[in-house]
Amino acid sequence: MEKRKQVLSCIQPTGDMHFGNYFGAIKNWVDLQNTYDCIYGVVDYHAMTMPYTPKKLRENTWELIINLIATGIKPEHLFIQSLVPEHAELCWIFNCFCSYGQLTRMTQFKDKSSHSKAEHADDFISAGLLDYPVLQAADILIYRADYVPVGKDQVQHLELSRNIAQRFNNQVGKEYFVLPEPLLTEIPKVMSTADPTRKMSKSAGEKHYINVFAEEARIRKQIRSAVTDTGETPSGEMSPGVTNLFSLLKASGKMDAHASLMADQEAGNLRYVDLKEAVAEALVEISQTFRERKEALKADRKALKQQIKASSFEIRKRAQQTVKEVKELAGLQNVRF
Ligand code: ADP
């Protein structure tokens, strides 16, 4: 049998998981497990690049692990980045294959460093923030990934990873790294139900995201109060709020079951209350299963931690092999025990 292609993707441990994260990233990860050899990382080294607290980082890391397993990621595909310290070692080596100028031109650095300046009076912008895409290149290349599922905002970083791989290959005179390709799947962009002109996001505050694990009553309340039509949309067009509700229905796989709603919309006699009821029902159904799985996982945290440490240990072996070969090619010494 032909070897499955390698897929790698990572996520930062930064708190609650909302339906934007789920429909826009995690659900795709879950599905990819059927077709590819998948490795998914909870990247705590990355989460240190912005101001943070150690206690929260530790808590968020395990919370995200639980959330990922509860939503359908297989534990054996998961690792915690700091349990594979070779990522940091490869990052250092890659730093020497990437120019300072390239890093300062990264859009995410420009955005986050100006954001950080506005929020924090002490103007602290860590060198880690500048170096973020190099660590990301290490995350990807350490597992010799063929494909990286990325959103459009990450395409520039993936291009940098390819660039680093290419420069490394040229320098050592060997096509050692395959150049990773983006895996651009059609994924929905979920908007805030409280303000459908902006993305559903944690950073905008609690009313702008719906937690995947929220209680049924809260989900229903958030959907019931979703903005539908503010009267600003030209007649004959669908307003951003209604578009978003239909898109949530589609992402939940319930569009066919509610085909009459779209027909009503087209005929101009859709009752928003019916659309909201259908969306709330769909989200609650998804959430219910996830919440039950989460409770079960939380009941035995010790076993869960053990399991993730074991999977990280297994995944680490692959990282160690790459770093060993890279060090040899780069003229560095390998430690032998
Ligand atoms: P947040 O904006 O809430 O902080 P993150 O930036 O941590 O979310 O995003 C984690 C993942 O979820 C990324 O892959 C991102 O592309 C995806 N994602 C986040 N918000 C949305 C959204 N509203 N719609 C679609 N995908 C999203």
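Predicted model: local features only at pLDDT ≥ 70, side-chain atom pairs only at ≥ 80, totals over all residues.

Trainee: Why is Lys 305 called partly exposed?

Mentor: Its relative accessibility is 33%. Buried would need under 20% and exposed over 50%, so Lys 305 lands in between and counts as partly exposed. Lys 305 also belongs to helix 13.

Trainee: What makes up the positive surface patch?

Mentor: Arg 58, Arg 301, Lys 305 and Lys 309 form it. Helix 13 is the top contributor, giving 3 residues. Patch members need over 30% relative accessible area, and Lys 305 at 33% clears that cut-off.

Trainee: How do you know what span to expect for helix 13?

Mentor: Helix 13 covers residues 301-330, which is 30 residues. At 1.5 Å a residue the expected value is 44 Å, and the distance from first C-alpha to last is 41 Å, close to that. Just after this helix, Gly 331 has a positive phi of about 85°.

Trainee: What makes the phi of Arg 144 worth a remark?

Mentor: Most residues other than glycine have a negative phi. Arg 144 is not a glycine, yet its phi is positive, near 50°. Arg 144 sits in the loop between helix 7 (127-141) and strand 4 (147-149).

Trainee: And is Arg 144 buried, exposed or partly exposed?

Mentor: Its relative accessible area is 29%, so Arg 144 is partly exposed.

Methods:
Residues numbered from 1 in each chain as written. Heavy atoms only, no water. Helix = DSSP H or I, 4+ residues; strand = E, 2+ residues; numbered from the N terminus. Expected span 1.5 Å × (residues − 1). Patch = residues over 30% accessible without salt bridge, like charges linked within 9 Å, V, L, I, M, F, W, Y side chains within 5 Å. Areas by Shrake-Rupley, 256 points an atom, 1.4 Å probe, with all protein chains shown as cover. Salt bridge = Lys/Arg side-chain N within 4 Å of Asp/Glu carboxyl O. Lys, Arg positive; Asp, Glu negative; His and termini not counted. Charge placed at Lys NZ, Arg CZ, Asp CG, Glu CD. Buried < 20%, exposed > 50% of the residue type's maximum accessible area, 1.4 Å probe, protein only.
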